[in-house]
Amino acid sequence: MSGVALALEVVVVFFLALFLLHRYGDFRKQYRMVLFATLLAWFLCFLIVFILPLDVSTTIYNQCKTDNQAHQVEIATINHDNSSNSSVFPTQRVLKTCQKPWSYIPDGILPVFWRVVYWTSQFLTWLLIPFMQSYARSGAFSISGKIKTALIENAIYYGTYLIIFCSLLIYVAVTLKLHLTWSGLRTIGITAANTWGLFLLVLLLGYGLVEIPRSYWRASCHGQLLAKTYFKAAKLMTEKVDAEENLEDVMEDVRQVNETIKYNHPLRKCIDTILKKCPVEYQEKLGRNMDDYEDFDDKGNPYPSKKSLVKLHKQVIYAVQRHNRTQVQWQILLDEAFHLEDVAKNETSSTHKFVHSFPSTEPPGWISKYLYTPTVEWYWECVFRRWCYRVLAVVLCAFSAAVVWSECTFFSTQPVLSLFAVFIQLAERDYNYVYIEMACFVTIFFLCYCVYSTVFRIRVFNYYYLAPHHQTDAYSLQFSGMLFCRLTPPLCLNFLGVIHMDSTISHQERQPTAYTSIMGSMQVLSFIANGFYIYYPMLIVLLCIATYFSLGTRCLNLLGFQQFVGENDLTSDLVDEGRELIRRERRKRQRTEDGESRRREWRERYSEPRERYGGRNRSAYSELKEKDGSGTDTGRAQSRRDRSDKAELLQDVEPLDFTGEEPLETDNRRSAGGHYLSTSASRSRIFDDV
């Protein structure tokens, strides 16, 4: 049963990571190695979260067996000492009943599993992913050029890190008079990585514990949500216009280089590679303006260097990616704004049926026909959804309060103040392994949701941004994978400390979990194990207070970065601007829908008569074709007579002079030969028939 549980969790985690990568990445356009590295990083981090509750239940079962063995040895020793005295009865104790958990993993499997997972994730976050980041951002035209650029950038980056780490290591070894061994160096390296990860973890967790419940509460208020959508529309339109202008500037540089370097220039292959990265409409325009019949001249105008072409190639990739992302996000935001406006209109509907402004042109499926009908949709969107979000916000708020309290009190073992430690210890007395695993999974899942959702929410200008609907660039994907690998180990250690399963922090004599055993003894650096790991998480309280009062948002707004602040003149102006933009786009889409409906109606009205008349014409044409086969000689003679009549008509027409006076009536005038000289009533109305 344990093998089935482990295999099932591995499969579920793999498909979860694959689903998220498909949502944010693009399988068709991005490098396979980039996708593989990101998928592996996300998979390993999610796998740690799912497997850790099994490690906790297995450790509790092993602790029970160890206690029983110790009690048996103690009883045997006491009975042996009292065997010489016949008046003393043998000592008997009731041993614990150790029931094996349903997900028990045999000894020796978890340590190897954690060691492989941990060191693979560290290899990804410190070596492979940074290398692939530089490789993906490089504008070189060959694989060797990209590898060379990536090696140089990472050598500079990690050379600086190595100098700082060696300096600190020497200082700590001399100050604390440490005798460093290979095991000690490995533990110091793990401690340093976990310390850096814990520093980021507390910052992200403090933001997520407040922002996630508040976001669900605000989502239940349609008016505020619609105003924020208008605000996003105004900001996104500015970014969209900026991206379009940037793309036009880059395409102008490409056009100049394309006209300068001709077909037989040595750098022409580089230009062709750049043109393939341009949008299709620009490729057609640049192809029409290109003249490949002119040869290049080495003595003529100066040509761009390969280094400048590499830089231009990098600019083209960035500009096209940003332009496509803003276009897709604009369409998604329009659909969201239209839907929220439809919800506001349907709230006062007396029919209790949800009506869309722009119904889908696709035929409805069986779910829309029988389950999610317009009546059900109205009750969900206008009544139940807001209350479900409010209940969920209250539940998440209670979880956040429990996490903040436990983070501030998990160092206290007598009495036990951490709420999650109390829950686990109560279940441990009865050896209720299902409850233990569910409590551990819910707790660590909530912590991971607060941290990982913050990673997906944050945006560092255009340097790092996770955009859904396949619009995330390769650099941001790998940066998120690198963050996950650095945040997950300290997150798991913090969770084990909160539930008092880490003896290094709780200072209890108990069997360590397999996960903490691979981390080594943190007492090598006692000032970190007994100080930083215990007291630094208390900073969450200050971060939660700052997030609740939106201090970071207000500071960014003062610095000139537009943020959605409730009572602010700039926010109100942007909301009004966004409302006008949405209104304009609604009118544009309405005109498009009306035109499509008219064309559809015209096709439905005239398609049947056209088919009927078309069939009649085809039958008449076949009959004429059969007659042409029998009367070929008669037709040839008639055609000769017609040609002779046309020649006589041209010869009989006399030239007419224009005098500006009204000509005489010449209706049905004939020449001597009987041919018409004019078919119009007067020369002043010669174009009336046109």
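Let's start with residues 6–22. Their end C-alpha atoms lie 24 Å apart, and the span is 100% helix and 0% strand. Keep in mind that this is a predicted model.

Now compare residues 116–135. That span is also 100% helix and 0% strand, with its end C-alpha atoms 26 Å apart. Where do these spans come from? Both come from the UniProt record, an unreviewed entry, under the annotation "transmembrane region". The record also lists 34–52, 155–176, 188–210, 387–405, 434–455 and 532–551.

Next, the whole chain. DSSP gives 21 helices and 2 strands. There are 690 residues, and 39% of them count as buried. The accessible surface comes to about 40,800 Å². Carbon and sulfur atoms hold 60% of that surface. Residues 24 or more positions apart make up 76% of them.

On to the rings. How many aromatic pairs does a search of the whole structure find? The search returns 30. One of them is F14 with F43, in an edge-to-face arrangement. The centres sit 6.0 Å apart, and the planes make an angle of 80°. F14 belongs to helix α1, residues 2–24, and F43 to helix α2, residues 32–81. The two are 29 residues apart, so the pair links distant parts of the chain.

F43 counts as buried because its relative accessibility is 14%, and the limit is under 20%.

Ring pairs join Y24, W42, F46, Y452, F456 and F484.

Two charges sit over rings. R486 lies over the face of W126, at 3.9 Å from the ring centre. K146 lies over the face of Y135, at 5.9 Å from the ring centre.

Last stop, P213. Where is P213 placed? P213 is in helix α5, residues 182–219. Why does P213 count as buried? Because its relative accessible area is 8%, and buried means under 20%. What does P213 touch, leaving out residues up to four places away in sequence? The list is G208, A393, L396, C397 and S400. R390 is 177 residues from P213 along the chain, yet their C-alpha atoms are separated by 9.0 Å.

That's my tour. Over to you.

Definitions and conventions. Residues are numbered from 1 along each chain as its sequence is written. This is a predicted model: local features need pLDDT of at least 70, side-chain atom pairs count only at pLDDT 80 or more; totals for chains, interfaces and linings use all residues. Side-chain values use heavy atoms; hydrogens and water are left out. Helices (H or I, at least four residues) and strands (E, at least two) are DSSP runs, numbered from the N terminus. Buried means under 20% relative accessible area, exposed over 50%, partly exposed in between (1.4 Å probe, protein chains only). Contact means heavy atoms within 4.5 Å. Accessible areas come from the Shrake-Rupley method with a 1.4 Å probe; for residues, only the protein chains shown count as cover. Rings of Phe, Tyr and Trp (its six-membered ring) pair if their centres lie within 6.5 Å; planes under 30 degrees apart count as stacked, over 60 as edge-to-face and the rest as tilted. A charge sits over a ring if NZ of Lys or CZ of Arg is within 6 Å of the ring centre and within 35 degrees of the ring normal. UniProt positions are given in the numbering used here, feature names are shortened, and annotations may be inferred rather than shown by experiment.
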